Amino acid sequence: MSSTKHAQNADVFQQNKEKATWHDNALWFVREKRDRISKTLPEWEELRALGEKIKLHSVSHLASYLEQFAANAEANGVIVHWAKDAEEHNAIATEILQKHNAKKVVKSKSMLTEECDLNHYLEAKGIEIIESDLGERILQLNGTAPSHIVLPAIHMKREEVGELFSEKLNTEKGNSDPTYLTRAARVSLRNDFLTADAAMTGVNFGIAATGEIVICTNEGNADMGTSLAKLHIASMGLEKLIPDYESLSVLTRLLARSATGQPTTTYTSHFRKPVEGGEFHIILVDNGRSDILSNEEHIKSLNCIRCGACMNTCPVYRRSGGYSYTYFIPGPIGINLGMLKDPVKHSENLSACSLCYSCNNVCPVKIDLADQIYKWRQDLDSLGKANSSKKLISTGMQFLFTHPALFRTSLKFSSLAKYAPRSLTFGLKEWEDGRSLPPFAKESFTEMWKKGKVKKK
Amino acid sequence: MKVGLFVPCYVNAVYPEVALASYKLLTHFGVDVDYPVDQTCCGQPMANAGFEGKALPLAKQFNDLFEEFDYIVAPSGSCAGFVKDTYPRLMEKEGCTSKVSGKVYDLCEFLYDILKVDKLPGKFPHKVSLHNSCHGLRELKLGSASELNIKPYSKVKALLNLVEGVKVVEPIRVDECCGFGGMFSIEEPAISIRMGNDRVNGHSDTEAEYITGADSSCLMHMGGIVDKNKMPIKMIHVVEILAAGL
Amino acid sequence: MSSKDYILNNIRRNTRQVFDKPQMDLNAIRFDDQLAQFIEISKAVGGDAVVLKEGEDINQVIRSLYPDAKEIASTVEGITLTTLNPDEVNSPKELEAVDLAIIEGSFGVCENGCIWLPQQIKHKALYFVTQYLVIVLDRSKLVNNMHEGYKLISPSEKGFGVYISGPSKTADIEQALVVGAHGPKGLTVILK
């Protein structure tokens, strides 16, 4: 059976068995931390249910909340911009930076700016952009992309980071102690924070009632950047908007516990006004989000608060790594968001799911991730992206299974290996690479029944 | 009480002893069991692969065959879960109504919730490692999934503990997927086989003599790995243990 | 059409099912001994919390905790260790050499060690750029959880407020926890 891009990449990932095992364990460790901390709150499941309802409410009242948010933000002295797509977002950011003659920008972690491919855009305009989250900085120095939305460099071993830093930050060769390396990055990035002309951030939550944005970090990088530079540009996806503090209190309780198993992030920062003598811009970015609203089967994807819990629990993600997916967001939520972005381009991630449903259970806003993957699979045929052998097998199965007599006949002959087992046990070669085929019973249950061997006298 | 025994296609062909044990257990508790011989497959393999349309005629066929029963019972959480959760939506698309979804049960679920079994006659003096299958756990809620903060319970374990002599243990990562997933197992062979190996090793590390579970498909997958790697651990369906001595 | 109008129109056109705002009558976690819980959680998040005993001098306590701190910035009343008034510098960048900042928190949250800090000083940079941070908190000002916390907050006049829980940290290299990422390498809460 011709395999999908994900399956091919996953196969390569599994070639280094030791590293694949390490990757699986590193993420399982985070999943277990999440389990432990969620169980310290008796109200956890109610909290998830509230999180889901708050997001469904917010997304279904998006237009009015956006207007309220923008009006409040503007009253606070914030300059609010609206961007239809990634291109417009990047153009707005560039224009603001150029107006301020900003040559160097420090940026905190933002999946939205990854989505917009902002860094390359700015670099092409001669603006230097420094990632300030440690994981993101490691990847920037390495010239690679995040493999996880919360733990961007989770696929790299400390030795690889040590080697990279010795080359780029002049750390001691062979020293890969995480504390030593983190301190080296601290020194280097402090210099960047102090010399940057502007700070860019993402947004975790936008609060309609106050016009504030809230940013959650452990490192304090968003705060360092925005409190040392006069200019702050925050990029915010439309779906980040929630009504008020009451809603925020629910979602902040869910976010860090789900993401890393911490009771909270170190910093939960509320930005309402520009710093004294500075400017504060918020770019509201659509980039396809308003189209998702009409897609009732998949609208819940907009609930996502980007905690990454679905990745940590996904048995396929843990064993195949973030780079095995074609979309920049991997794992269960990434499979779904990729399909919403461009179904033809990203349909080959749909194989990366055994439908175990664990992701549904960890999602803090109860996105039905596995159900959505199942539903996307139903669309493959009409997209012209259905796997031809899978289709053939399914057609064969349908034929066999809608003809009970034929099915019974096939059950009688273990020699049906030529035909029915292909249906019953699917692709023989792929199966037999690592598993033996189960032998057929001498007599099927149906035969036993028909021969009267089952019923007690 | 009339019960229709639903024997998933691969159980029929590969594990008829599981179906036989199911029949014995149900009749032991005085249930009137019939087996519609024209049954084939519920359609889940095609639907999970993305061909719900091809599952639809099977759903209709299943509906016609099993409509007359008070309960429909299957020794497979996954197949029962598909009939229960997916049939209604699937059939609605064609303007039909599923008359079977509300009364389909996994066998363990049926013994525990409907028959409220609190005694079993047999003995099984062995250490078994319980495989908590995904669909039984997360769709049919046969037990508390490890991700949820709910009171821990396991209907399967409770039933097993009624059998004299059995010692039930569970592997690390107590309910991680075995990697079968129907077509997933051949579309993503590297990951599927790795998941299966990890799961089998987890069970094996408990030093149990058997891996047991309520879903034959997971047992088939893990059994294939055990056999390929010539591991000493044996596979047995929960129903076979519950029917010991019958 | 402006992008704003385009986006808002598209949202309105595409909105289908509408969901009401849920009732937030959650029975959230509460603690019998709030002080003990707050101290425990402050340690769990990588910081520390000490109770100022009757008759103890806060300056001596802080000095004994941070004997090597040279540049000490604070505007908190009663703090005499201060070597720098952070409100008297022109640029936040001048705060870079601060070893220890002593600030006052508004209330603490027992479930997660968060302390709410509405910006009270001229440059919020002090909270983050300092090598070590001491937060003075009235021990009677503890709430159980974030729901109670957010009920107490009104947007700060200076336009910034932050919940801080423990020192700055990261686990971006192999999930190994390192305290002191970009911000403070240590945080002590003094409960007075």
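A:Phe271 stands opposite C:Phe160 in S8(C). This is a predicted model, in which local features need pLDDT of at least 70 and side-chain atom pairs count only at pLDDT 80 or more, while totals for chains, interfaces and linings use all residues. Residues are numbered from 1 along each chain as its sequence is written, chains are lettered from A in the order in which they are written, and side-chain values use heavy atoms, leaving out hydrogens and water.

**Strands across the interface**
- Strand S9 (residues 267-271) of chain A and strand S8 (residues 160-164) of chain C run antiparallel, joined by five bridges.
- Strands here are DSSP runs of E with at least two residues, and helices are runs of H or I with at least four, numbered from the N terminus; two strands pair if DSSP finds at least two bridges between them.

**Extent of the contact**
- Chain A brings 95 residues to the contact and chain C brings 73 residues, where contact means heavy atoms within 4.5 Å.
- About 7100 Å² is buried between the two chains, 60% of it from carbon and sulfur atoms; this is the accessible area (1.4 Å probe) lost on putting the two parts together, summed over both.
- In chain A, the residues losing the most area to chain C are A:Trp82, A:Arg186 and A:Tyr267, together 9% of what that side buries.

**Charged pairs**
- The rule finds eight salt bridges across this interface, each a side-chain nitrogen of Lys or Arg within 4 Å of a carboxyl oxygen of Asp or Glu.
- One of them links A:Glu246 with C:Lys21, with the closest N and O atoms 3.5 Å apart.
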